[in-house]
Amino acid sequence: MHGISWIATLFIAAAYVAASEGAMLLLRVAADAPMVSLASAVGLAACLHCGIRAAAGVWLGAFVYELIGGRDVFPALGSAALSTAQIAFAWWLMQHVARMNLELERLRDVLALVLIGATVIPLANVARAALTGEWAATTDPALRVALLQVSALGEAIGIVLLVPAALTWLRPTTTVQRR
């Protein structure tokens, strides 16, 4: 099996960074507004469309985003690896356990996207935030609610909205043969 091109990897990374930075810009502007976070949706859509080979672009995008956010190199490496692992795990569950059809023509495929994709990744992010102390007792309660919106609800909404659209848009077109 061949890997995806380095151009595709860079494109996935750039899309991930743009989605991540966009969500954080919106959070800084309107901390109490409902959020839609698209970074994990970009990563999941890329993995569903290109296979696990797209995880390299997801990791690169997550790593660059962490560096832009001011993290040191080694914590950024770890955080990028965790973000990529969450997306890869959801991809594996959807492809190998639920055997999801990417055309989303059956109800069971849509349910797999919602129940696995829009649940596993957001819950893993919430667990990671809780375990790493991002939601310490000293954190302002309003900020914790905003972080929860972005980490869980916004991410789930982003996955439900973007992944089907991306899979539809990226679907190869077939030509109809006339007789």
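**Notebook: aromatic pairs and one valine**

I looked up phenylalanine 63 and found it buried, at a relative accessible area of 14%. The cut-off for buried is under 20%. I note that this is a predicted model.

Next I checked where phenylalanine 63 sits. Phenylalanine 63 lies in helix H3 (residues 55-68), and so does tryptophan 59. The two are four residues apart, about one turn of the helix. I then looked up tryptophan 59, which counts as partly exposed at 29% relative accessibility.

I turned to ring pairs. How many aromatic pairs are there? I get two aromatic pairs. One of them joins tryptophan 59 and phenylalanine 63. Their ring centres are 5.1 Å apart and their planes stand at 5 degrees, so I log the pair as stacked.

Phenylalanine 89 and tryptophan 92 came next. Both are in helix H4 (residues 73-97), three residues apart, which is about one helical turn. The limits here are centres within 6.5 Å and planes under 30 degrees apart.

Last, I looked up valine 110. I found valine 110 in helix H5 (residues 107-131). At 33% relative accessibility, valine 110 goes down as partly exposed. I also checked valine 110 against valine 160: they are 50 residues apart in sequence, and their C-alpha atoms are 9.2 Å apart in space.

Technical notes. Residues numbered from 1 in each chain as written. Predicted model: local features only at pLDDT ≥ 70, side-chain atom pairs only at ≥ 80, totals over all residues. Heavy atoms only, no water. Phe/Tyr/Trp six-rings, centres within 6.5 Å; stacked < 30°, edge-to-face > 60°. Buried < 20%, exposed > 50% of the residue type's maximum accessible area, 1.4 Å probe, protein only.
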